[in-house]
Amino acid sequence: KVDWVQQHPILRDPFLLVCAPGCDPTNLTNLPFVRYANDLQIGRQIEAQLRRSGLDPARGFEFSSNQALFSMTAELQGWSITTALAYLGTPLSGERVTAHPLPMPRFARRLALHARAGALGRLPVKIAQDMRHCLQTRIVQQAKTRLPFLGDTLQILNDEANPNI
């Protein structure tokens with residue numbers, strides 16, 4: 001952490017398994033794995049967790065967009081790993097793939113707003129507040145009904161640096 005950057009935590013976004021409708025999420029060994037491109041941060045995070053878990057799915061297709069990843073997962077009757085935010089925020093995702101708990105130790109990413117300290121006044125604080133509110137009302141509430149297995153793992157994060165906002 002550097003002192004010239006303000007960090008405003010926004011969301012804890014858990015990873016989850018998605019697979020083609022009708023696929024057995026407990027038996028993925030013979031199904032194709034569809035990856036995020038390795039030049040994306042999300043792709044690198046998933047690959048690191050696969051290595052930590054001792055899983056090494058065969059290399060195959062890689063995509064840079066959620067819609068492409070979900071469409072190809074459905075087309076190949078395969079599986080992939082994504083985040084709750086990516087799944088809930090992508091139009092028609094629930095029609096293309098089904099979401100399930102991970103078959104490995106759970107992990108999540110933390111999303112935050114970063115800004116140059118002091119350069120924008122209270123604007124970063126206000127933007128972070130608005131983002132939290134929007135995510136809470138549009139995504140987190142939706143997750144409770146669409147992805148109940150997540151429990152409270154998809155959560156809005158408080159801004160420790162600005163607790164009174």
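Helices here are DSSP runs of H or I of at least four residues, and strands are runs of E of at least two, numbered from the N terminus. The model is predicted.

**Cavity and pocket**

The structure holds one cavity of 30 Å³ or more. Its lining is formed by F33, V34, R35, Y36, G43, I46, E47, S80 and I81. Elements giving two or more residues to this lining are β2 (35-36), α1 (41-52) and β4 (79-83). Of the elements, α1 gives the most, with three residues.

The largest pocket is lined by 15 residues, and those closest to its centre are L28, T29, L55, P57 and W79. The table sets out volume and lining class for the two spaces.

| Space | Volume | Lining by class |
|---|---|---|
| Largest pocket | about 260 Å³ | ten nonpolar, three polar, two charged |
| Largest cavity | about 30 Å³ | five nonpolar, two polar, two charged |

**Helix α5**

Helix α5 (residues 123-146) has 24 residues. From first C-alpha to last, α5 reaches 33 Å, close to the 34 Å expected at 1.5 Å a residue. A kink of about 45° is present in α5, centred on Q136.

**H8 in strand β1**

H8 lies in strand β1 (residues 5-19). Because its relative accessible area is 1%, H8 counts as buried, the cut-off being under 20%. The H8 side chain makes a polar contact of 3.3 Å with the side chain of Q6.

Methods:
Residues are numbered from 1 along each chain as its sequence is written. This is a predicted model: local features need pLDDT of at least 70, side-chain atom pairs count only at pLDDT 80 or more; totals for chains, interfaces and linings use all residues. Side-chain values use heavy atoms; hydrogens and water are left out. On a 1 Å grid over the protein atoms alone, a cavity is a set of points where a 1.4 Å probe fits but cannot get out, and a pocket is an open set with protein on both sides within 12 Å along at least five of seven lines; lining residues have an atom within 4 Å of a point. Grid points are joined across faces, edges and corners, and a volume is the space filled by probe spheres set on the points. Ala, Val, Leu, Ile, Met, Phe, Trp, Tyr, Cys and Pro count as nonpolar, Asp, Glu, Lys and Arg as charged, and the others, Gly among them, as polar. Buried means under 20% relative accessible area, exposed over 50%, partly exposed in between (1.4 Å probe, protein chains only). A polar contact is a pair of N or O atoms within 3.5 Å; within protein, one must be able to donate a hydrogen and the other to accept it, and residues adjacent in sequence count only if both atoms are side-chain atoms. The expected span of a helix is 1.5 Å times one less than its number of residues. The bend at a residue is the angle between axes fitted to the seven residues ending there and the seven starting there.
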